[in-house]
Amino acid sequence: MEFLELARKRRSLRSYKPDPVENEKLEYVLECARWAPSWKNLQCWRFIVVEDPQQKEAITTAFSEKNPGRKALNQAPLIIVLCAVPSESEIWEGKDYMMLDAGLAMEHLILAAAEQGLGTCWQGLFSEAKVKEILNVPEDVRVLAMTPLGYPAEERNPRPRKELSQIAFKGTWGEKL
Ligand SMILES: Cc1cc2nc3c(=O)[nH]c(=O)nc-3n(C[C@H](O)[C@H](O)[C@H](O)COP(=O)(O)O)c2cc1C
C-alpha cells in the first residue's frame, strides 16, 4: 500500500470486533513504534499493553462519559497505553520534545496497525492520575495517550482536512506554494 493511501485509510475507529489481535501483529506494531525518531535518540516512550477485561473496565472509569472513544476501550481486545519518561527527554526553548517524540512513536504504531488491517483511536482526554494508579505507573512517568487496538467493526471515509495551500507555504510564512 502506498503511504498516502495508508495515511488516508487510517481513521479513528470507535467500534471493534471481539476477535483477538495476533501476537505477531502486536509485536509488529510495537516494533514499528520502536523505530520512531527522537530528540537525541533518547527514546523516552514506553507502552503498556492492557488485555485484562477488569483492567480495561477500570481504565474506562478514567474517561468522561462524553468522550466518544470511551466505549471502544472496552470493546477492543487490547488497549495500548502511551507513557513517557520526562528524564529521558529535554525541553529546549520551551519546546517539550517528549511530547513530540512520544507522539511520533505512537503514530508509527497507529499507522502500522492500519497497514495490518487493525483499528485504533488516539485517546487523549482522560484522568492521567486515575490511569497511573490503575496501571501502577511511577510518579515521575507521564501517561500521555492510549488507543484501543483490534479489528474494526466499522469502516469510515476520511474526515476533511485543510487544503495544502492553507498549511504549506513557500519561502516565507503565508507565501503561496
Ligand atoms: C492527541 C490526540 C488526542 C485525541 N483524543 C481523543 C479522545 O480523547 N477521544 C476521541 O474519541 N478521539 C480522540 N482523538 C481523535 C481525533 O478526534 C481524530 O484524530 C480527529 O477527529 C481526526 O479524525 P481521524 O483520526 O479519523 O482522521 C484524538 C486525536 C489525537 C491526535
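A salt bridge, as I use the term here, is a side-chain nitrogen of Lys or Arg within 4 Å of a carboxyl oxygen of Asp or Glu. With that in hand I opened the structure, which is a predicted model.

**Entry 1: salt bridges**

I searched the whole structure and found six salt bridges. Side chains of opposite charge can pair when their charged atoms come close.

I began with R10, which makes a salt bridge with E107; the closest N and O atoms are 4.0 Å apart. The partners sit in distant parts of the chain, 97 residues apart. R10 is in the loop between helix 1 (3-9) and helix 2 (23-34), while E107 belongs to helix 5 (residues 97-115). Is R10 buried or exposed? I noted R10 as buried because its relative accessibility is 14%, and buried means under 20%. E107 has 25% relative accessibility, so I put it down as partly exposed.

Next I looked at K40 and E90, whose side chains meet in a salt bridge at 2.9 Å, N to O. K40 has a relative accessible area of 56%, so it counts as exposed. E90 is partly exposed at 28% relative accessibility.

Then I turned to R46 and E88, a salt bridge with its closest N and O atoms 2.7 Å apart. Which parts of the chain does this pair tie together? R46 lies in strand 1 and E88 in the loop between strand 2 and strand 3, so the pair joins parts that are 42 residues apart in sequence. Both ends came out as partly exposed: R46 has 35% relative accessibility and E88 has 25%.

**Entry 2: pockets**

Rolling a probe the size of a water molecule over the atoms shows where empty space is left.

The largest pocket has a volume of about 280 Å³. I counted 14 residues lining the largest pocket, and those closest to its centre are K9, L13, P152, E154 and E155. By type, this lining divides into four nonpolar, four polar and six charged residues.

The second largest pocket holds about 240 Å³ of space. What lines the second largest pocket? I listed L4, A7, R8, R10, R11, P158, R159 and R161. That lining splits into three nonpolar, no polar and five charged residues. R10 turns up again here: this arginine lines the second largest pocket and pairs with E107 in a salt bridge.

**Entry 3: a nonpolar surface patch**

I then checked the surface and noted a nonpolar patch formed by L164, I167 and L177. Together these residues have about 340 Å² of accessible area. I placed L177 in the segment after helix 7 (164-167). L177 counts as exposed because its relative accessibility is 60%, and exposed means over 50%.

**Entry 4: D52**

Last, I located D52 in the loop between strand 1 (45-50) and helix 3 (53-60). Its relative accessible area is 36%, so D52 is partly exposed. How far apart are D52 and Q116 in space? I read 23 Å, C-alpha to C-alpha, for these two residues, which are 64 residues apart in sequence.

Technical notes:
Residues are numbered from 1 along each chain as its sequence is written. This is a predicted model: local features need pLDDT of at least 70, side-chain atom pairs count only at pLDDT 80 or more; totals for chains, interfaces and linings use all residues. Side-chain values use heavy atoms; hydrogens and water are left out. Patches are made of residues with over 30% relative accessible area and no salt bridge: like charges are joined within 9 Å, nonpolar side chains (Val, Leu, Ile, Met, Phe, Trp, Tyr) within 5 Å. Accessible areas come from the Shrake-Rupley method with a 1.4 Å probe; for residues, only the protein chains shown count as cover. Helices (H or I, at least four residues) and strands (E, at least two) are DSSP runs, numbered from the N terminus. Buried means under 20% relative accessible area, exposed over 50%, partly exposed in between (1.4 Å probe, protein chains only). On a 1 Å grid over the protein atoms alone, a cavity is a set of points where a 1.4 Å probe fits but cannot get out, and a pocket is an open set with protein on both sides within 12 Å along at least five of seven lines; lining residues have an atom within 4 Å of a point. Grid points are joined across faces, edges and corners, and a volume is the space filled by probe spheres set on the points. Ala, Val, Leu, Ile, Met, Phe, Trp, Tyr, Cys and Pro count as nonpolar, Asp, Glu, Lys and Arg as charged, and the others, Gly among them, as polar.
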